[in-house]
Amino acid sequence: MTGRWAWLARLWGVPTGRFGLIVVLAIGATAAVSLVWTPFDPQQVEISDRWMPPGWPHVLGTDSSGRDILSLIMAGSRTTVVVAAGAGAVATALGIALAALGALTARWLRESVAVLVDILIAFPVLIIAMMISAVWGGSLWVVVWSVGIGFGVNIARVTRPELRRVLHSDFVLAGRAAGLTPAQNLLRHLLPNVAPVFIVQLSWGMAIAVLAEAGLSYLGFGAPVTEPSWGLLLAQLQQYLTVYPLAVLPPGLAITVTVLGLNLLGDGLREATDPTLSRRDPAARLHVPEVTA
Amino acid sequence: MIRYALTRLTLLVLGLVVASALIFLTLRVLPGDVALLVAGVNSSPDQVAAIRESMGLNRSLPEQYLEWIGGVLRGDLGTSLLTGSSVADEIAQKAEVTFPLGILSLLIAIAFSVPLGVLSALRRGRADGTAMSVTAQTVAAVPVVWAGMMLVVVFAVWLGWLPAQGFPRDGWADPGAALRALILPALTIGVVEGAMLMRFVRSATLQAMGQDYVRAAAAKGLTRTTALIRHGLPNVGLSVITVLGLQVAGIIVGAVVIEQLFSLPGIGRMLVADVGARDLPKVQGELLVLTGFVLIVGFVVDLAHRLIDPRQREAA
C-alpha cells in the first residue's frame, strides 16, 4: 500500500499496533454481532440456572440470577463502544476548538486559553464525573462528558504546539500567498498535518473512557442497572466474591484486553505515523491523565 | 528561581480560583432548587422561602461564591445538608484512612517500579526484559476494581492472610489491625499505579543509556551497568519526580474506587455516598479539597524539580 494508506501498512508492521488493531476490530465486531445475536437474552433471569459453571450451553457460566455471562459480556461491549466513541467525539470537538483558540487567535486569548488548559489538566476525570453526576445523577452521558472534557484538554495541550509549528511552515505561508482564506488554509493544510498526533491521543483517550466507564458504573454513576455494562457486572458479582471468586474473571479480562488493545493501538499509531517521536520524548505518553478506575 | 516560583505560584492561585468557581457553578447553578431539596417535597412555599433565606440562596451568585470562599479561607468548608455536621471536621476524620492509604500506595508503587523499570531497560531485547515490560503494560490496563477483587480472592479468600473488607471501628487505636486493613487496598492501587510508573522509569532509563555522558563513562572502562547507575540514574530520578505529581492524582482517583471495594471509611467513600445522596454543599467542599490537593502537589513537585535540577535553574 502506498500514499494515503501507507501508515496503515506501517501500523500492521508494528507488533503492538497489529495487536491493538485486532483487539479494537474484534470488540467492534462483537458489539455489532450482539445487536442482532447473543447466545441468550443478556437480561433474561433463569433462577433454576443460577451459578452454572462454564460449559455447554452457558460457555462462560451464569450469574446469581441465571443470566448467561457470555451474553452479558457481548452486550456490554456495546456500551463500551458507544461510550468510547462518544467520549472520543466530545474530546475531539473540545480539543480541536481549544487548540485552535490557543494557536490561531490574538495573543491575549491564546495565552489565557493555554493557562486555562494547564489548569483543567489537573482535574482528574473521576472528579469531573462526580461533579456532573452530583447534579444530573448517574448515566452513560456522565462518562461521555467527563472523559470528553478531561481528555479534550489533553488533546488541546498536545495538538496546540503542533498546530503552531505547522502554522509557521512554508506550505501554509505558500497557501496564504496563493490566496487561500484562513479557513481554507486550516482545512487543507493544518488539520491533515496535526491529524497523526491527534489520532494517537484519541486512541489513548478511548482507553481511558473504557476504564472510566467500568469504574463509574461500578460506583453507580455510570450505566443504569438495566444497561449491560462490564463495570456494572463487576459490581453485581462482587457480593458473591467469597463464594464464586472466579465469576469476576470474564468482565475483568474483557476490560483489560480492551484497554490494552486501545493503548497498544495508540503506541503503534505513534510509531507508524511519527517514528522520531518515541525517541525524542519518552514522556509524551505521560500527558495522559490516567483514570485508574 | 524566585521569578519562576512566583509565576508558578500565580498559576497555582489562579488554578484554585478557577477550580473553586467551576465546582461552585456546576453544583449550585445548574441543578434544581437546593432549598427545595433541604425542605423536602411536601414543604410549603413559605418553608422553602425561609430555608432559601437562611442558606443565603436568595442572594446573587457572586455574593454566594465570595461567602463560600471566605469561609473556606477561614477553614469553614460549610455544613452537610443531611446531617448538619461540619464538612471540614468530617474530612479531617476520614483523612485518617485516606492519607495513610495514599502514602502506602505511593510507597508500594515506587518500591517496585523503580528497580523493575531500570532492570527491564537493562535487559531490553532479551526475553526477561520483554516479559517485564509486557507485564507492566498489561497490569497498567487492569481496572483497579478488578485488581482489588483478584487480590481479595487470593490473599483473603484462598490464603486467608488478610481481611477482605472493613477497617477497625476504633480507627488507629490498634495500629496493627488498622495497617492490616490497609495492606490489600494499598497493594491494589500501588501495583496498578506502579505498573504505569515502571513504564515511565523504563523509558527514562533507556533515554539515559543513550546519553553521551553515560557512553563516555562506559568508554572510560566502567561497565555499562555501573556507568548507568553512577551517571544515568540521577537523571532518571529527576524525571520520575515529575511523574509522581501525576501519580498523586491517579492515587486519589484509585482511592475513591478502592475505598468502596474494601468498605474503608475514607474521603473517597464519603464522596461517593454524598454524590449519591446529592448532599451538594458537602460534595462542593470535598471536591474543592481533593482538586486543591492535586493542584498543590503539582506545584510542590514542579518547584522541587526546579530546585534539584541545576540545568533548569540555569535556564531560569
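The model is predicted, local features need pLDDT of at least 70, side-chain atom pairs count only at pLDDT 80 or more, and totals for chains, interfaces and linings use all residues. Residues are numbered from 1 along each chain as its sequence is written, chains are lettered from A in the order in which they are written, and side-chain values use heavy atoms, without hydrogens and water.

**Exercise 1.** Describe the interface of chain A and chain B.

Step 1. Contact means heavy atoms within 4.5 Å; 46 residues of chain A and 55 residues of chain B take part.

Step 2. The two chains bury about 4,400 Å² between them, 81% of it on carbon and sulfur atoms. Buried area is the accessible area (1.4 Å probe) lost on being put together, summed over both parts.

**Exercise 2.** Determine which residues of α2(A) meet α3(A).

Step 1. Helices are DSSP runs (H or I, at least four residues), numbered from the N terminus; here they are α2 (residues 15–36) and α3 (residues 69–104) of chain A.

Step 2. In α2(A), the residues are I27(A), T30(A), A31(A), V33(A), S34(A) and L35(A); their partners in α3(A) include M74(A) and V81(A).

**Exercise 3.** State whether A212(A) is buried or exposed.

Step 1. A212(A) lies in helix α8 (residues 182–219) of chain A.

Step 2. Buried means under 20% relative accessible area, exposed over 50%, and partly exposed in between (1.4 Å probe, protein chains only).

Step 3. A212(A) counts as buried because its relative accessibility is 1%.

Definitions and conventions: Axes fitted to C-alpha atoms, helices over the stretch in contact; angles between N-to-C directions. Helix = DSSP H or I, 4+ residues; strand = E, 2+ residues; numbered from the N terminus.
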